[in-house]
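This report looks at one protein chain from its overall dimensions down to the surroundings of single residues. Please keep the sequence and the three-dimensional view at hand while reading.

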Amino acid sequence: MVAKLKIHNDCGLENEKIEFMHDVLVGLSSEKKKIPSKYFYDEAGSELFNQITRHPDYYLTACELEILRSFRKEIAQLLKKEPFNLIELGPGEGIKSRLLIEQFLSDHLSFNYCTIDISKNYLEQLVRRFNQQLPSLQIIAINSDFSDGIKWLGNKSKKRNFVLFLGSSIGNFNIPKSRRFLQDIRNALHIGDYMLISFDLRKDVDILLHAYNDSSGLTCAFNLNLLHRINRELQANFNIDSFAHYSTYNAHEGAMESFLISRENQLVTIASLNRDFMFEKFESIHVESSYKYLFSQIDKLAENSHFEIKKTYLDTKGYFVNSLWQAK
Ligand SMILES: C[S@@+](CC[C@H](N)C(=O)[O-])C[C@H]1O[C@@H](n2cnc3c(N)ncnc32)[C@H](O)[C@@H]1O
């Protein structure tokens with residue numbers, strides 16, 4: 001059978017540039033300058049993130065792949081009773097989803113695959129690759145922000161849903177935002193639907209610092225790429241060399257926090273915004289937080305967003321967790 005391949009971008013992505021302009025304007029006009037991490041994933045950023053996931057310092061991907069390889073049969077068993085929609089939020093390259101999908105196909109489960117990602121580049125590559133490698137898979141690809149994609153999905157189908165939210169992407173939201181986001185997901189689901197969601201656990205701080213300051217400078221290039229993107233898409237004149245990447249651990253928040261720090265006093269013009277922005281020497285731009293979790297926080301998040309934790313899958317090092325939740 002030929003796979004049905006669609007990329008929908010009718011969820012507000014036509015407003016993508018306006019939203020980008022708005023977020024950059026608001027973020028760089030704030031007293032503490034910031035740019036949301038969702039803007040990392042242009043073509044170059046997506047490619048850099050792929051390289052990061054293969055780097056030995058970035059333990060997260062290896063841990064999650066180990067968990068999925070160990071438990072995919074068990075997950076397939078759980079889903080085999082009835083047809084379902086497999087819905088993935090932010091698949092990236094789709095290596096992890098492919099592991100599960102291959103298992104589901106070999107166990108003859110009845111499902112279709114719907115995936116949402118802000119990166120058109122990721123979606124195009126994934127659709128092309130899955131079409132070649134998994135020709136029987138029915139795919140719907142939605143190029144949008146998670147929140148628009150979830151709204152679009154809400155009540156679209158009476159079938160059971162199985163949501164994948166991998167890569168500890170939830171960690172990019174602070175705890176109150178995570179709760180609201182998970183409640184929105186829960187509202188788009190039926191009672192009894194499942195979600196496999198991953199969390200990076202708190203651990204030795206040195207391991208965290210190495211992961212976000214990798215020895216090959218990939219994370220540095222990934223973060224600085226945000227300025228290249230603003231230069232290109234919003235006609236700005238950031239001098240990339242005059243910013244330094246800095247990632248540190250905030251023990252009280254339990255979060256790795258990444259910044260770009262101005263090396264000098266400088267004025268940056270963003271022509272699309274018709275604005276200049278002053279940066280003092282050592283002034284920072286916050287570009288990402290990656291929250292690391294305690295088990296008690298995961299329990300509370302599930303409870304507060306009306307899910308029950310059915311299973312907790314850990315890697316052998318105990319660094320990372322994939323948590324199987326069921327909508328209450
Ligand atoms: C940390 S990567 C994880 C990728 C993959 N799931 C993995 O585990 O390696 C985050 C993914 O979510 C997408 N993404 C990030 N923020 C998003 C947003 N607000 N809405 C939709 N997709 C987003 C990125 O393009 C990327 O594919």
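**Overall fold**

The model described here is a predicted one. Ten helices and 14 strands make up the secondary structure of the protein. Its radius of gyration is 20 Å, close to the 20 Å that the globule rule gives for 328 residues, so the protein is as compact as a globular protein of that length. Taken along the principal axes, the box filled by the C-alpha atoms is roughly 65 × 40 × 35 Å.

Of the 328 residues, 52% count as buried, and the accessible surface comes to about 15000 Å², with 51% of that area belonging to carbon and sulfur atoms.

**Helices 4 and 5**

Helix 4 has twelve residues, which at 1.5 Å a residue should span 16 Å, and the 17 Å between its end C-alpha atoms agrees with that expectation. The buried residues in helix 4 are K96, S97, L99, L100, I101, Q103 and F104. These buried residues pack against helix 3 (59-79), strand 3 (84-89), strand 4, helix 5, strand 6 and strand 7 (194-200).

Helix 5, which is thus one of the packing partners of helix 4, covers residues 120-133; its 14 residues should span 20 Å at 1.5 Å a residue, and its end C-alpha atoms are 20 Å apart, in agreement. Within helix 5, the residues N121, Y122, L123, L126, V127 and F130 are buried.

Most residues other than glycine have a negative phi. With a relative accessible area of 72%, H108 is exposed, because values over 50% count as exposed.

A positive phi is also found at H306, where the angle is near 65° in a residue other than glycine. H306 belongs to the loop between helix 10 (295-304) and strand 13 (307-314), and its relative accessibility of 44% makes H306 partly exposed.

**Individual residues and their contacts**

| Residue | Relative accessible area | Class |
|---|---|---|
| S168 | 10% | buried |
| E253 | 37% | partly exposed |
| S290 | 7% | buried |
| F295 | 42% | partly exposed |

S168 is located in the loop between strand 6 (160-165) and helix 7 (175-187). Not counting residues up to four places away in sequence, S168 touches L60, S198, F199, D200 and F320.

S290 lies in strand 12, which covers residues 284-291. Leaving aside neighbours within four places in sequence, S290 is in contact with G171, N172, Y212, G254, A255 and M256. At 7% relative accessibility S290 is buried, since the cut-off for that class is under 20%.

Where does E253 lie? It is found in the loop between strand 8 (243-250) and strand 9 (255-262), and beyond residues up to four places away in sequence it touches R202 and Y291.

F295 is part of helix 10. Once neighbours within four places in sequence are left aside, its contacts are L201, T312, L314 and V321. Although F295 has these contacts, its relative accessibility of 42% leaves it partly exposed. The C-alpha atoms of F295 and A188 are 25 Å apart in space, and the two residues are 107 apart in sequence.

Note on methods. Residues are numbered from 1 along each chain as its sequence is written. This is a predicted model: local features need pLDDT of at least 70, side-chain atom pairs count only at pLDDT 80 or more; totals for chains, interfaces and linings use all residues. Side-chain values use heavy atoms; hydrogens and water are left out. Helices (H or I, at least four residues) and strands (E, at least two) are DSSP runs, numbered from the N terminus. The radius of gyration is taken over C-alpha atoms; the globule rule is 2.2 Å times the number of residues to the power 0.38. Buried means under 20% relative accessible area, exposed over 50%, partly exposed in between (1.4 Å probe, protein chains only). Accessible areas come from the Shrake-Rupley method with a 1.4 Å probe; for residues, only the protein chains shown count as cover. The expected span of a helix is 1.5 Å times one less than its number of residues. Contact means heavy atoms within 4.5 Å.
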